[in-house]
Amino acid sequence: MAGRNPSAAVIRLAGVPLLAAAFIAAAALPGHAKNLRPKMPADSDAVAVYPGGAKPIQAREEFCNRNPADCAIDLAEPEAIELTPKVWKTIVRINKQVNSTIIPVTDQDYVGVIDRWEFPKEGMGDCEDIQLLKRRKLEEAGFPRRAMRMTVVLDEVGAGHAVLMIRTNRGDYILDNKAKAVLPWRKTGYTYIKRESAENLGWVSLGTVVAAPVSATAGR
């Protein structure tokens, strides 16, 4: 090994225990492993679509007339995304960020009409406004809008409610302003009525399928 510097080798070897100790200390920090490997969700499945379509929502039609780019369907985009740890971390982060910054308020109380779809203003909005903002932020993060469908459900008390469904290769997941966690659709306790079509500006029927309620929805 001609030309090797013995002192340099000693320096390199001396640093090995220190480096190992640094890794051990870092691993012991709270959240370190979580940050390196975001916890993935339980597997979901895809909500079945029933034939015949579904009735449109007038307020959504008016929203699309005002914001055509936020309703346009690009058939070149995928209908579902690949759910990786990085993708999941982004979904959870944006869901939490929007839920924590927008105050839920009904359209009747805020703008004096029964139903109006719009992006939240002045830090306030109702359920569909909040989900629209989540979709916009996810789209800005690189998510295909075609894989993110506004969905109409009946909530735990039988009232109409809007959520955002993200379609993935591991099934459909729900972003909701009434739950802290992003959940597989079957774990929300909701009755699924319809969602935006991924083929056109219409709606598809979900057949009023009922998801079993679970304790994970606590915090609504």
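Q: Which exposed residues does the face of α3 turned away from its buried side carry?
A: This is a predicted model, in which local features need pLDDT of at least 70 and side-chain atom pairs count only at pLDDT 80 or more, while totals for chains, interfaces and linings use all residues. Residues are numbered from 1 along each chain as its sequence is written, and side-chain values use heavy atoms, with hydrogens and water left out. Exposed means over 50% relative accessible area, buried under 20% and partly exposed in between (1.4 Å probe, protein chains only). By that rule, the exposed residues on the face of α3 away from its buried side are Gln58 and Asn65.

Q: How wide is the arc that the buried residues of α3 cover around the axis?
A: Helix α3 spans residues 58–66, and its buried residues are Ala59, Arg60, Phe63 and Cys64. They lie on the same side of α3, because the arc they cover (taken from the directions from the helix axis to the C-beta atoms) is only 140 degrees.

Q: Which elements are included in what covers the buried residues of α3?
A: The protein chain has six helices and nine strands, which are DSSP runs numbered from the N terminus (helices H or I, at least four residues; strands E, at least two). Among the elements covering the buried residues of α3 are α6, β8 (191–196) and β9 (203–210).

Q: Is Ala198 buried or exposed?
A: Ala198 is found in the loop between β8 and β9. Beyond its neighbours within four places in sequence, its contacts (heavy atoms within 4.5 Å) are Ile73, Leu75, Glu79, Arg146 and Arg149. The C-alpha atom of Ala198 is 8.8 Å from that of Met148, 50 residues apart along the chain. With a relative accessible area of 12%, Ala198 is therefore buried.

Q: Which helix gives the largest share of the lining of the largest cavity?
A: A cavity is a set of points on a 1 Å grid over the protein atoms alone where a 1.4 Å probe fits but cannot get out, and lining residues have an atom within 4 Å of a point. The largest cavity has a volume of about 40 Å³, and Phe63, Asp70, Phe119, Leu132, Arg135, Arg136, Glu139 and Arg145 line this cavity. These divide into three nonpolar, no polar and five charged residues. The largest share, four residues, comes from helix α6 (residues 127–140).

Q: Which elements give two or more residues to the lining of the second largest pocket?
A: A pocket is an open set of grid points with protein on both sides within 12 Å along at least five of seven lines. The second largest pocket is lined by 16 residues, with Val105, Thr106, Asp126, Cys127 and Gly160 nearest its centre. The elements giving two or more residues to this lining are α5 (107–110), α6 and β5 (160–168).

Q: Is Glu122 buried or exposed?
A: Glu122 sits in the loop between α5 and β3 (124–125). Although Glu122 is not a glycine, it has a positive phi of about 55 degrees. Because its relative accessibility is 69%, Glu122 counts as exposed.

Q: What is the relative accessibility of Thr208?
A: Thr208 belongs to strand β9. Thr208 is not a glycine, yet its phi is positive, about 50 degrees. Thr208 counts as partly exposed because its relative accessibility is 49%.

Key: Points joined across faces, edges and corners; volume = space filled by probe spheres on them. Nonpolar A, V, L, I, M, F, W, Y, C, P; charged D, E, K, R; others polar.
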